[in-house]
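Subject: Structure handover

Hello,

I am passing on the structure we discussed. Please look it over; my notes on what turned up follow below.

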Amino acid sequence: MATTLKDQGLDRRAFLQISAVAGGGLLIGLSTPHVAAQGRPGGPGASAESLAPNTYITVHPDNTFTLIAKNPETGQGIRTALPQVIADEFDVDWAQVKIQQADLDPKYGAQFEGGSRAIPSNYQNMRLVGAGGRLVMLAAAAQQWGVPTSELTTKAGVVTHTASKRTATYASLSALAATLPVPEKAAIEAGLKHPRDFTIIGKRIRGVDNLDIVTGRPVFSIDVAFPNMLHAVLVKCDVFGGKAISANLDEIKKLPGIRHAFIVEPATGQGNNSLASGVAIVADSWWLAHDARSSLKVTWDEGAVATQSSTGYLAQARELAARAATAPLPAPTPAPAPGERPTGPPRAVIGDVDAAFRAAAKTIEAEYFFPLLSHAPLEPQNSTAHFHDGKLEIWSPSQIPSKQHPALGAGIPPENVTFHLVRAGGGFGRRLVSEYDVEVARIARTVTEERAAAGQPSVPVKLLWSREDDLAHDQYRPTGFHFFKAGLDASGKLIAYRDFVASTNSVVPANEFPRGFVENVLITSDNVTPFGIPVGALRAPPTNGISFVKQGFIDEVAVAAGKDPLQYRVDLLNNPVGAGATGGFNPVRARGVLEAVRAMSEWDRRGSLPKGTGKGVAFQFAHAGYVAYVVEVSVDAQKAIKVNRVWCAVDIGRQIVNPSHSENLVQGGFIEGMSHLMSWAITIEKGRVVQKNLHQYQPARMPHAPASIEIKFLETDFDPTGLGEPSLPPAVPAITNAIFAATGVRIRSLPLEEQGYRWT
């Protein structure tokens, strides 16, 4: 039986606990202190002025609605997509809706952007939030009119009793609704719409920030501004781990507009969310602080990393591969339980690999390599903080907002931090680490203390990294060196498969295709050490590199077998062996996207393409999504490449929340893959990054984009999953496999620019 908050004697805190147990704001309740203080049933204090049916929906007197967007927005469209889900189940028109970005608050549950988790983690809960709100409105109308709720319908925020032709807006029902029992979860689940009745989910809704973005209004973190705000730069050692010993601070402080200059001491935080040593310069404007850098003279202790280099890392990787080729086989790998990921060391030893290679009619060996990458979001790292009265307020574009990081920098408890989520100008995994929050907090506190000593009030401080800072102090995509070997029988069947990986951060794909479809498999790895470069997640980790090497080598195997590369993949997927696929990989769904893209691209007619033009195929299972590409490229005698057309099939379950956003994510993933392919590489010399700015790290440009990217979303009976990650990885091998089809030249290392290629 449903109970009211009054019946339960619940205060606001207890209500929030119950809503969390029920699933992220599911229970109908009152979120604002003013309304919460009125309790339920409403009584004389109840009012439609500010009724908030739960923590996600606010009903306004004019029958418009403010919906909370709980997760950080980095361009993936989640600030629009999740409110779409609420609005549809609440049964209001999108035109009645305004979106409000949530601050960091436990009442919203997990608030992060990464791993394509926003949709799978929140889709059902947001449906329940909206449906719960709708049930409350129906119950209020039924009581007001003395009719069963079964005789009532809703549309556009209005409840209708058709028989009596009575109507009532949600706003007019709000006071009464506030007095009614909270619906049980089962009742809300029973009240969910059938997908065929969706009016907003599945529709092309423009991003809520689009107009502001195209008209240049301030929406990004870099736009945060306050009166009297100061601007900071933090100059860090070019060598990773280097420390500032001394600097000409007194000279810097005398420069125009410079208010503060001080050495920042390092501090260890969670993971890479640490405070690096450096020199902070704080000025009236960012450009004044930036210009002062040219006058800064710092004595650095560069530390041990100054002896490391990319050439040294690669040489060691080759040594490790050679050593592994003659090393005894490790112990066999226990098969994981169905649906479980492998545990223990990241390796696979399945079958009798040595015997299979001895019996093979043909063997193939290949060395593949992909480099360190920087994320290079359009908006460099930044954050704004105000330290006052022992507390810190921060505005940050972090993908994983956390009060712990700024608290570390400010030297205060996390509960003394107020964290505002601000839209980021791109993330791609870079802002999963937010050391800039640690930095700005330390700088803001020091500035406040220095101003207090001078009798001045505290002011907010914005820290903004330069583009050069961003490239020089990233959390880089780990490099990977793979040595492959494959054994084929006389019919071309893959009977033995070996992959040795030398990496700067183990990303061994022990559960990746074709494991589960080959009887004899050996996957081992070793780490390049010492390695002093900070690494982290880049969009679609770790498959953004693995897909290139794995899908490239399987293409080689197919060609060596004399088979159609697309059909060869399908044939492997049709014949699981041993424990079969692991890590949630579903071969039926993988075949589905391959067959779909075969039909879309007229793959079987590719033999009629002109000389110098070819089609390549690749697929990838990444972050619970399945994506296959066929790409047509033309390559001329001067190695100029044109991507003519792209076909893409996607399986991310039964529901696409916003087709426009989803298409954008596929198109963006493919174009980003083109950047990985052609020009992007971070190289290390003497412990520091060689590339200084985008002229040495060029993304793909608009003229390089293909004329068309045709996308087909398969509707399969699986829960909806995300799309930010899966669209990128197979783009790279689909292009390199197409280059092979066009030229006969196999691409085994990136970037292509270092091999003389360029875009037309």
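To start with helix H16: 16 of its 18 residues are buried, so the helix is largely enclosed by the rest of the structure. Please keep in mind that this is a predicted model.

After the helix comes Gly-562, with a positive phi near 75°.

Is Ala-540 buried or exposed? Its relative accessibility is 0%, and buried means under 20%, so Ala-540 counts as buried. The C-alpha atom of Ala-540 is separated by 7.5 Å from that of His-623, although the two residues are 83 apart along the chain.

Next, the second largest pocket. Its space comes to about 510 Å³. The lining consists of 24 residues, and those closest to the centre are Phe-240, Gly-241, Ser-274, Ala-276 and Pro-534. Strand E10 (267-270), strand E11 (273-275) and helix H14 (435-453) each give two or more residues to this lining.

Finally, the surface. Leu-211, Ile-213 and Val-214 make up a nonpolar patch there, and together they have about 290 Å² of accessible area. Ile-213 belongs to helix H8, which runs over residues 210-214. With a relative accessible area of 31%, Ile-213 is partly exposed.

Regards

Notes
Residues numbered from 1 in each chain as written. Predicted model: local features only at pLDDT ≥ 70, side-chain atom pairs only at ≥ 80, totals over all residues. Heavy atoms only, no water. Patch = residues over 30% accessible without salt bridge, like charges linked within 9 Å, V, L, I, M, F, W, Y side chains within 5 Å. Areas by Shrake-Rupley, 256 points an atom, 1.4 Å probe, with all protein chains shown as cover. Salt bridge = Lys/Arg side-chain N within 4 Å of Asp/Glu carboxyl O. Helix = DSSP H or I, 4+ residues; strand = E, 2+ residues; numbered from the N terminus. Buried < 20%, exposed > 50% of the residue type's maximum accessible area, 1.4 Å probe, protein only. 1 Å grid on protein atoms, 1.4 Å probe; cavity = no way out; pocket = protein on both sides within 12 Å on 5 of 7 lines; lining within 4 Å. Points joined across faces, edges and corners; volume = space filled by probe spheres on them.
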